[in-house]
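Please keep the sequence and the coordinates in view while reading.

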Amino acid sequence: MDKLFCRTQKVREMEFIPVNEPLLNGNEKKYLNECIDTGWISSEGPFVKRLEEGMAAYVGRKYASAVCNGTAALDLAVEALGLQPGDEVVMPAFTIISCVLCLVRRGIKPVLVDADANTWNMDVNQIESKITPKTRAIMVVHIYGLPVDMDAVMQIAENHGLMVIEDAAEAHGLAYRGKKCGSFGDISIMSFYPNKHVTTGEGGMVLTDDAGLAERCDSFKNLCHKQGYRFVHEELGFNYRMSNIQAAVGVAQLEKIEEHLARKREIGHFYQQAFRENTRFQKPLEATEYANNIYWVFGLVMRPEDKKSAREIMAELADQGIGCRPFFYPMHLQPALQKLGLFAGEHYPVAEWLYDKGFYIPSGLALTDEQMEYIAKKVNELGEK
Ligand SMILES: Cc1ncc(COP(=O)(O)O)c(C=O)c1O
């Protein structure tokens, strides 16, 4: 984890406020000591099962499989679903590259839809026009604290006989019409990176209600040892296991999830108030008709005609000791994907605007009220374009 990202440090005589600092003030130390005292440090220790059962129960899934990170979780999900080379998956242009890696490495074609300008999530109205006879699945990604409009997605999937992969990496505790994210579609994934509401340092999870898929995930993450014949392998697996040490932190974090959600919402509401009269920036929606924002991060987006780019604004805020992060760089612009011949000539104007003009300000769980006041003041002092 890079230091700048996680720890408060002195920069040019002032305290630098990192974009995220996790809060580890529950039973983390106690459970970690248990790992050391008992010698259970590998994936076979008891905290792994506890975390899997705890998160599955929390979101309302039957099965969960803890893995070493969210990117690996996506890999497992696609592997378990049995998607084949030449298949197509409809997914958002505005997301992290992990969502595409799990496809292109298997010769599966990602087919992009643009983002919605208000929620920053995939525009569900564009999905149907992207479906072809080769489409096998829709991958939804809940972005920055609000969910994708899942009723619309599930209806399209049903109409066209498609599978749904749900990326709930950033959506711990987020509910869509009262149903928890992480429980939609055929298979869901989460990340437990330190900027998430529940962290394990590095970590992730696959969740499903399908016993067969769960079994495949458990097998694939553990090298596909043949049952009863360890070290005999009939399929090509991965080692994506989560250690008991990581899970120990995760169990302690999960105990605090409601507290974490409440604090993140408090931070979100504070910024909303502080920027109420600031017309330079578009703020996250507080709610939609189907969800209340959990403010995974607090994003700000300038109008397209703003003279400055997000990069310039982030540099100005960094000079004031405030760590920010850019929004996602859209998938169709990624050099690594263009080199594969993907997305030639494609444009997704909302995703491009979000990257050019969007960034997020510190909103981690360890942020103090004093830091929030300072950040809000400095953002407001940026004035009009
Ligand atoms: C939407 C989304 N999906 C997947 C991931 C990948 O998770 P990880 O960083 O744990 O590999 C992230 C990372 O934060 C993410 O934001």
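This is a predicted model: local features need pLDDT of at least 70, side-chain atom pairs count only at pLDDT 80 or more; totals for chains, interfaces and linings use all residues.

**The ligand and its surroundings**

Twelve positions may be located in turn around the ligand: Asn 69, Gly 70, Thr 71, Ile 96, Ser 98, Val 141, Asp 167, Ala 169, Glu 170, Ser 191, Lys 196 and Gly 203. By residue class, this shell comprises three nonpolar, six polar and three charged residues. Ile 96, Val 141 and Ala 169 make up the nonpolar group, while Asp 167, Glu 170 and Lys 196 make up the charged group.

Thr 71 places a side-chain N or O atom 2.6 Å from an oxygen atom of the ligand. For Asp 167, a polar side-chain atom lies 2.6 Å from a nitrogen atom of the ligand. Glu 170 has a polar side-chain atom 2.6 Å from a ligand oxygen atom. Of the 390 Å² of accessible area that the ligand has on its own, the protein covers 91%.

Domain 1 consists of the segments 3–23 and 257–381, and domain 2 spans 28–255. The centres of domain 1 and domain 2, taken over C-alpha atoms, are 24 Å apart. To the contact between them, domain 1 contributes 45 residues and domain 2 contributes 45 residues.

How values were computed
Residues are numbered from 1 along each chain as its sequence is written. Side-chain values use heavy atoms; hydrogens and water are left out. A residue is near a molecule or strand if one of its heavy atoms lies within 4 Å of it. A polar contact is a pair of N or O atoms within 3.5 Å; within protein, one must be able to donate a hydrogen and the other to accept it, and residues adjacent in sequence count only if both atoms are side-chain atoms. Accessible areas come from the Shrake-Rupley method with a 1.4 Å probe; for residues, only the protein chains shown count as cover. Domain bounds come from an automatic or database domain assignment. Contact means heavy atoms within 4.5 Å.
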